[in-house]
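Hello,

Here is the structure you asked about, with notes on what turned up in it. Please look it over before reading on.

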Amino acid sequence: MPDRTSGPPAEPPLGLQLAAAAREVGRAFDAALGAAGGSLSTWLVLLALTTGRAASQRELAAAVGIQGATLTHHLAGMEEAGLVARRREPTNRRVQLVELTEAGRAAFRRLRDVAVEHDRRLRVGLDPDDEAATRRVLEQLRANVAG
């Protein structure tokens, strides 16, 4: 009887297929955000500030998953572009507060429209049951690999 474990798989491994899909979806989202004058990191910062999930730079880092010097670099660029303003917490000068400016709120609205359209594009051809099943499968895959 031949050994079926030594040859190529009949189908691509699920993890590779998922990674390829994630890369393609991510590239499309990055391109859409870029065409609107944004980036994924800018969108994540604007979203966190708009939804109130962060006020300090430390909270912002936790909310968006961008740490240390990388976040500082992004915030400096956003501050230079007039999207955010940073100031020290009056009662604790070590804490840096980050606030949206009016231009930041406008950028959020513009990028929100891009995100909504990207999400709509992802859902083409999916009925509500497909979407619900996809969410369940993705959550199960995350749970399967979580520590």
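Helices here are DSSP runs of H or I with at least four residues, strands are runs of E with at least two, and both are numbered from the N terminus. Please keep in mind that this is a predicted model.

Helix α4

Helix α4 covers residues 68–80, 13 residues in total. From its first C-alpha to its last it reaches 18 Å, close to the 18 Å expected at 1.5 Å a residue. Just after α4 comes G82, whose phi is positive, at about 80 degrees.

The buried residues of α4 are L71, L75 and M78. Viewed down the helix axis, these buried residues fall within an arc of 60 degrees, so they line one face of α4. On the face of α4 turned away from the buried side are the exposed residues A69, H73 and E80.

The loop between α2 and α3

S56 sits in the loop that runs between α2 (40–50) and α3 (57–64). Is S56 buried or exposed? Its relative accessible area is 10%, and the cut-off for buried is under 20%, so S56 counts as buried. Setting aside neighbours within four places in sequence, the contacts of S56 are V95, Q96 and L97.

The largest pocket

The largest pocket holds about 600 Å³ of space. It is lined by 17 residues, and the closest to its centre are L18, V25, L122, T134 and L138. Three helices each supply at least two residues of this lining: α1 (14–35), α5 (102–123) and α6 (128–145). Which helix gives the largest share of the lining? That is α1, with seven residues. Sorted by class, the lining is made up of ten nonpolar, three polar and four charged residues.

V137 has a relative accessible area of 47%. Exposed would need over 50% and buried under 20%, so V137 is classed as partly exposed. Between V137 and Q67 there are 29 Å in space, C-alpha to C-alpha, and the two are 70 residues apart in sequence.

Regards

Note on methods. Residues are numbered from 1 along each chain as its sequence is written. This is a predicted model: local features need pLDDT of at least 70, side-chain atom pairs count only at pLDDT 80 or more; totals for chains, interfaces and linings use all residues. Side-chain values use heavy atoms; hydrogens and water are left out. On a 1 Å grid over the protein atoms alone, a cavity is a set of points where a 1.4 Å probe fits but cannot get out, and a pocket is an open set with protein on both sides within 12 Å along at least five of seven lines; lining residues have an atom within 4 Å of a point. Grid points are joined across faces, edges and corners, and a volume is the space filled by probe spheres set on the points. Ala, Val, Leu, Ile, Met, Phe, Trp, Tyr, Cys and Pro count as nonpolar, Asp, Glu, Lys and Arg as charged, and the others, Gly among them, as polar. Buried means under 20% relative accessible area, exposed over 50%, partly exposed in between (1.4 Å probe, protein chains only). Contact means heavy atoms within 4.5 Å. The expected span of a helix is 1.5 Å times one less than its number of residues. The arc is that of the directions from the helix axis to the C-beta atoms.
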